[in-house]
Amino acid sequence: MVGRARGCVACVGWRRRHRGGGRKPRAPRVGRGSSSAGSSLPGARPERARPESERDRETWWTHAPLHPPPPSSGCYAERVAVPAADAALAPTTISLTHAAAVPLVALTAVQTIEATPPSARARGSLALVHAGAGGVGHVAVQLLVRRYGMVVTATCGPANDAFVRACGAATTLDYRSPTFAADLAAAGPYHLIFDLIGGDAAAASRGLVAEGGAFAEVFNTGTTEAGSAANKAAAEASGGTYVGPTLVHAGDGAALKAIAADIDSGKLSVDVAAVLPLSQAAEAHARLETLHVRGKIVLQVGDEGGLP
């Protein structure tokens with residue numbers, strides 16, 4: 001499918017370049033970016049297999065896998081080629097600009113959760129989400145509560161406490177508190193630990209996986225081979241499993257269709273921190289590098305207006 005991205009691109013990519021740390025951040029090149037929303041172009045070969053009612057409709061997609069990225073990866077563009085099976089009709093209750101922020105974070109959350117054993121995500125069991133106000137984090141909180149029926153404890157800063165609770169977290173923990181490690185332990189153990197930040201937060205929660213649970217690590221700026229190995233060893237020592245480091249591993253139009261239904265029914269929302277023109281892509285990446293962006297940043301490509 002060839003898509004015309006009228007509504008922009010979710011700004012991602014800096015994390016992927018910094019697994020080892022130590023390198024100076026680089027401004028993005030046009031052609032990067034990993035999720036989009038726009039209109040499919042008539043006449044593209046896969047369109048002939050789609051029902052007439054769905055042709056030329058607003059769609060969304062993500063490039064996958066993201067680690068390593070495919071040769072065709074790049075959503076900072078007005079036109080993007082993507083396998084038809086990886087795309088789905090976009091939600092009808094949000095703008096394309098807003099929709100562009102969703103596929104990457106939602107598929108990362110869904111695929112990571114689904115990679116854990118059923119015993120780690122049983123209804124009523126306890127989950128811990130690190131960085132609960134972040135792009136993937138606030139989506140994971142909502143999915144764990146509203147789709148999987150879990151009870152969620154999430155870590156965040158005081159400024160985002162109300163936001164994370166509105167996403168469904170039953171308990172929030174201030175990661176800046178001097179008693180953070182003790183607070184984590186007191187609220188656990190957890191059947192599922194969903195780690196999006198690594199570093200000290202991951203280290204403080206390694207021994208808190210319940211038997212039969214899972215430690216799921218999403219690829220992030222704090223990810224290191226040594227840290228991942230320690231996470232795996234601690235989870236297995238507790239009678240649990242380790243999943244990761246994850247990121248979107250495959251495009252999935254069927255999953256995006258279900259996500260769109262959750263958005264249109266009000267079960268899921270994605271917070272957009274800012275919408276910037278493509279010419280400010282470097283600024284968007286600079287903001288992400290602060291690690292204090294709530295939700296997602298979107299790059300506007302094409303002619304659609306801002307958020308509704």
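**Entry 1. Terms and model**

I began with how elements are named: helices (H or I, at least four residues) and strands (E, at least two) are DSSP runs, numbered from the N terminus. I noted that the model is predicted, that local features need pLDDT of at least 70 and side-chain atom pairs pLDDT 80 or more, and that totals for chains, interfaces and linings use all residues. Residues are numbered from 1 along each chain as its sequence is written, and side-chain values use heavy atoms, with hydrogens and water left out.

**Entry 2. Gln-111**

I looked up Gln-111 and found it in helix 2 (residues 102-114). Is Gln-111 buried or exposed? Gln-111 is buried, at a relative accessible area of 12%; buried means under 20%, exposed over 50%, and partly exposed in between (1.4 Å probe, protein chains only). I then listed its contacts (heavy atoms within 4.5 Å). With neighbours within four places in sequence set aside, Gln-111 is in contact with Leu-247, Val-248, His-249, Ala-250 and Asp-252.

**Entry 3. The chain as a whole**

I recorded nine helices and 14 strands in the chain. The chain has 308 residues, of which 54% count as buried. Among contacts with a separation of 6 or more, 72% join residues 24 or more positions apart.

I traced an open sheet of six strands with parallel pairing, in the order 9-8-7-10-11-12. Two strands pair if DSSP finds at least two bridges between them. Strand 9 (171-174) and strand 12 (241-246) stand at the edges, and each has a single partner strand, so one side of each has no neighbour in the sheet. From one strand to the next, the twist averages 15 degrees. For such angles, axes are lines fitted to C-alpha atoms, for helices over the stretch in contact, and the values run from 0 to 180 degrees between N-to-C directions.

Within the sheet, I checked strand 7 (residues 126-129) and strand 10 (residues 190-195), which pair in the parallel sense over three bridges. What stands opposite Leu-128 in strand 10? The residue there is Ile-193. I also found helix 5 (residues 180-187) lying across strand 7, strand 8, strand 9 and strand 10, at about 160 degrees to strand 9.

**Entry 4. Nonpolar cores**

A nonpolar core is a set of buried Ala, Val, Leu, Ile, Met, Phe, Trp, Tyr and Cys residues joined through side-chain atoms within 4.5 Å. The largest one holds 48 residues, and Val-129, Val-139, Leu-144, Val-152, Phe-194 and Ile-259 touch the most other members. Elements giving two or more residues to this core include helix 2, strand 7, helix 3, strand 8 and helix 8. Helix 2 provides the largest share, eight residues.

Another core, of 14 residues, lies apart from the largest one and has Leu-173, Leu-208, Phe-215 and Ala-235 among its members.

**Entry 5. Salt bridges**

How many salt bridges does a search of the whole structure find? The search finds four, a salt bridge being a side-chain nitrogen of Lys or Arg within 4 Å of a carboxyl oxygen of Asp or Glu.

- Asp-262 and Arg-147 meet through their side chains at 2.6 Å, N to O. Asp-262 lies in helix 8 (residues 253-264) and Arg-147 in the loop between helix 3 (135-146) and strand 8 (151-156), so the pair ties together parts 115 residues apart in sequence. Asp-262 is buried at 13%, whereas Arg-147 is partly exposed at 29%.
- Asp-161 and Arg-165 form a salt bridge at 3.1 Å, N to O. They are four residues apart in helix 4 (residues 161-166), and therefore separated by about one helical turn. Asp-161 is partly exposed at 26%, and Arg-165 is partly exposed at 39%.
- Glu-114 and Arg-121 have their closest N and O atoms 3.8 Å apart. Glu-114 is partly exposed at 41%, while Arg-121 is buried at 16%.

**Entry 6. Ala-203**

Last, I looked up Ala-203, found in helix 6 (residues 199-205) and partly exposed at 38% relative accessibility. Ala-203 and Gly-227 are 24 residues apart in sequence and 7.9 Å apart in space, C-alpha to C-alpha.
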